[in-house]
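Here is a short briefing on one protein chain. Keep the structure open and find each part as you read.

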Amino acid sequence: MTDDRQRMTSKRGGRHEPPRLPLAAEASAPAKLILCGEHAVVYNRPAIALPLADVRARVRVSPRSWRGVHFSAPNLRRRWTLAERPDDTLSMLANETLHSLNASPTNGMLVTIRSKIPIASGMGSGAAVATALVRALAAASQQHLTNEHISALVYENERRLHGTPSGIDNTVVAFERPIWFVRQAVEQQGEGETKSGDESSSLQPPASSAHALIEPLSFAAPFTLVVADTGVRSATRMPVGEVRRRWLAEPARYEALFDEVRDVVVRVRGALAEGDIVALGSLLDRNHELLHTIGVSSPELDRLVHAAKAAGALGAKLSGAGWGGVMFALVTPETQERVIEALREAGASSIRVNTVHATIP
Ligand code: PMV
């Protein structure tokens, strides 16, 4: 890969010399947005997710004369070394990645992590930082890892962070394209994992990762989402754990709610394929209502959703784990500015506009 996602540099007076590991390298990965189906996706219902290419995490690996791997995350005001903090999740991921690459760096390295993705906000910050780290270490070792392999490494990292991730975040971030994602129950594994068609079958993760049916999605018409942050930080594992407790206490009720989410997500796929943006809006509204009933909305999220709707958005919902983080509104060119203004007045801490382009199936 030679694009912005993964770059290697080896400049020593312009002469070609054999590389000393690690080489200087930089890689990036995008934020993500779950369009619909979050939470129910943990219980094997489908969900749809999109990468947000303009909002990225970046990791730079720089060779150093010292020994060992040093990490610096200036945004988080954190510095640590792999030797001092082997149990840190990023230390563990770096170790696993180097092991997977069969790379034993001869020199020390500084791993600098910078991210424009707000943490604990439903935008996949953890998966993006992890993906950029894996890519940067691969580039620094002059090796190529497939997206499947990267996704599997990041899934393990997500497991350490959240306990029971569906696998949707690592998949959409590593492949950086819109996806239809269905985690497979154990008895379903094997079925549906090899969908016909080159493009989709190349999106399958290896067996070590979450077993899932993953299909690339295409859109018949472009649509624009205004993404607004409540400014409330909420770690994914908290609402995910609460939903699990509720599901264990009232399985029939929650299974029925997840089935309703599934029906919405299936209809969203149809609306996207037909370019029916008005239908998409109503389905997003319905998904928000269901997430509210499931118990993962919050007063701040509801306030932004209602403000966007009152200002003319076609649809609006929370995105990601909930209890804080972001929501988005589906807008038209006519309503976009009004919705942005309404979200600002309702207390959004930051607002981004993301247009999803039509694709040829
Ligand atoms: O809040 P995020 O960006 O980590 O999204 C979590 C999505 C959930 O469906 C709630 C959990 C999962 O693992 O799929």
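In this predicted model, Leu90, Leu93, Ala94, Thr97 and Leu98 of helix H1 meet Val129, Ala130, Leu133, Val134 and Leu137 of helix H2. Contact means heavy atoms within 4.5 Å. Helices (DSSP runs of H or I, at least four residues) and strands (DSSP runs of E, at least two) are numbered from the N terminus.

Residues are numbered from 1 along each chain as its sequence is written. Local features need pLDDT of at least 70, side-chain atom pairs count only at pLDDT 80 or more, totals for chains, interfaces and linings use all residues, and side-chain values use heavy atoms, with hydrogens and water left out.

**H1 and H2**

- The contact of H1 with H2 has nine nonpolar residues, one polar and no charged. Here Ala, Val, Leu, Ile, Met, Phe, Trp, Tyr, Cys and Pro count as nonpolar, Asp, Glu, Lys and Arg as charged, and the others, Gly among them, as polar.
- The axes of H1 and H2 come within 10 Å and cross at roughly 35°. Axes are lines fitted to C-alpha atoms, for helices over the stretch in contact, and angles run from 0 to 180 degrees between N-to-C directions.
- This crossing of H1 and H2 is right-handed. That term applies if the near helix is turned clockwise from the far one by less than a right angle; anticlockwise is left-handed.
- An α-helix has 3.6 residues a turn, so residues three or four places apart point the same way.

**H3 and H4**

- Helix H3 spans residues 147-162, and helix H4 spans residues 168-175. Their axes come within 8 Å and cross at roughly 145°.
- The crossing of H3 and H4 is also right-handed.
- On the H3 side, the contact uses Asn147, Glu148, Ile150, Ser151, Val154, Tyr155 and Glu158. On the H4 side, Asp169, Asn170, Thr171, Ala174 and Phe175 take part.
- The residues of this contact divide into five nonpolar, four polar and three charged.

**How H4 is enclosed**

- Why is H4 largely enclosed by the rest of the structure? Eight of the eight residues of H4 are buried, so the rest of the structure largely encloses this helix. Buried means under 20% relative accessible area, exposed over 50%, and partly exposed in between (1.4 Å probe, protein chains only).
- The buried residues of H4 include Ile168, Val172 and Val173.
- The buried residues of H4 pack against strands S2, S3 (47-64), S7 (179-183) and S8 (212-216), and against helices H2 and H3.
- Glu176 follows H4 and has a positive phi, near 50°.

**The largest pocket**

- The largest pocket has a volume of about 1,000 Å³. A pocket is an open set of points on a 1 Å grid over the protein atoms alone, where a 1.4 Å probe fits, with protein on both sides within 12 Å along at least five of seven lines. Points are joined across faces, edges and corners, and a volume is the space filled by probe spheres set on them.
- The largest pocket is lined by 50 residues. Lining residues have an atom within 4 Å of a point.
- Which residues lie nearest the centre of the largest pocket? They are Ser125, Gly126, Leu161, His162 and Thr236.
- Elements that give two or more residues to this lining include H1, H2, H3 and H4.
- The lining has 21 nonpolar, 21 polar and eight charged residues.

**Loop residues**

- Most residues other than glycine have a negative phi, and most peptide bonds are trans.
- His39 has a positive phi of about 70°. His39 sits in the loop between S2 and S3, and His39 is buried, at 6% relative accessible area.
- Trp323 has a positive phi near 65°. Its loop joins strands S10 (315-318) and S11 (326-331).
- Ala321 lies in the loop between S10 and S11. Ala321 is buried, at 12% relative accessible area. Its contacts, leaving aside neighbours within four places in sequence, are His39, Thr236, Pro239 and Val296.

**The whole chain**

- The protein chain has 10 helices and 12 strands.
- Buried residues make up 55% of its 361 residues.
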